[in-house]
Amino acid sequence: MTAQTGDILFNGQRFSAFFFDMDGTILTSIRVAERIWGEWAVRHGIDPVAFLPTIHGVRAVETIARQNLPGVDAEAEAQRITEAEIADVDGVEAIGGAREFLQALPMDRWAIFTSAPKALALRRIQAAGLPEPKVIIAAEDVRLGKPAPEGYLLAAEKLGVNAADCLVFEDALAGVQAGEAAGAKIFVISGTNAHHTGELSRYTGAENYDALRVEADGSGILLQLS
């Protein structure tokens, strides 16, 4: 998926704020996540090849609960998965251009909504060398995870903006659905999550942030090609 000038400018529209998913959108932890989740799947008799594409963009507890495994406590299993992921950041790195792109944004104009627990999110943001926003909405901050819009609506509330005036950067179908349900526009980062590339091909997007620039002033943020 490549960026197209007319789409990126959204006909000159300025946005009140930008919201970002974390994994697969501003950083990649896919090697870590698939290593840990793959081992978990094998232990529970689940085919990892079929299972791993389903883990992206949703909370661990919901991923585990969907398996309907007898005698498995989804909350306890999710906590163990989180602890393993916090301990292992080998291979976590920023997506191309993400560091510079985020640093160019005013601190009160962007937020992260991730399906990861906050402790894991902070660990990965630090490991990737990315700036930490003032507002991070994490798994424990919402009653319903993606594709429900609750997290993006909460991020908008905390920044004092209307979600309908914002742009959401996502890489997975569940996150795109969450952003749309919140009323926001969508920009897809496609370089790390091949599982959803076809499903999301109709959205404006780019592989990474290398060719993206922002202009911010009192009337909002404009996204453009360099």
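Start with the largest cavity, which holds about 350 Å³ of space. The model is predicted. Searching the whole structure for cavities of 30 Å³ or more returns one.

To find the middle of this space, select Asp 23, Ile 55, His 56, Gly 57 and Arg 124. These residues lie nearest the centre of the largest cavity, within a lining of 26 residues. Colour the lining by class next: nine residues are nonpolar, 11 are polar and six are charged.

Now switch to the helices. Which helices each supply at least two residues of the lining of the largest cavity? They are H2 (30–43), H4 (60–65), H5 (74–87) and H7 (118–127). H2 gives three residues, the largest share of the lining.

Stay with H2 and select its 14 residues. From the first C-alpha to the last, H2 reaches 20 Å, close to the 20 Å expected at 1.5 Å a residue.

Show the side chains of H2 and pick out its buried positions: Val 32, Ala 33, Ile 36, Trp 37, Gly 38, Trp 40 and Ala 41. Two of the names to look for there are tryptophans, Trp 37 and Trp 40.

What covers the buried residues of H2? Display helix H3 (48–51) together with H4, H5 and H7; the cover includes these four elements. H4, H5 and H7 have already come up, as helices that each supply at least two residues to the cavity lining.

Finish by stepping just past the end of H2 to Gly 45, where phi is positive, at about 70 degrees.

Technical notes:
Residues numbered from 1 in each chain as written. Predicted model: local features only at pLDDT ≥ 70, side-chain atom pairs only at ≥ 80, totals over all residues. Heavy atoms only, no water. 1 Å grid on protein atoms, 1.4 Å probe; cavity = no way out; pocket = protein on both sides within 12 Å on 5 of 7 lines; lining within 4 Å. Points joined across faces, edges and corners; volume = space filled by probe spheres on them. Nonpolar A, V, L, I, M, F, W, Y, C, P; charged D, E, K, R; others polar. Expected span 1.5 Å × (residues − 1). Buried < 20%, exposed > 50% of the residue type's maximum accessible area, 1.4 Å probe, protein only. Contact = heavy atoms within 4.5 Å.
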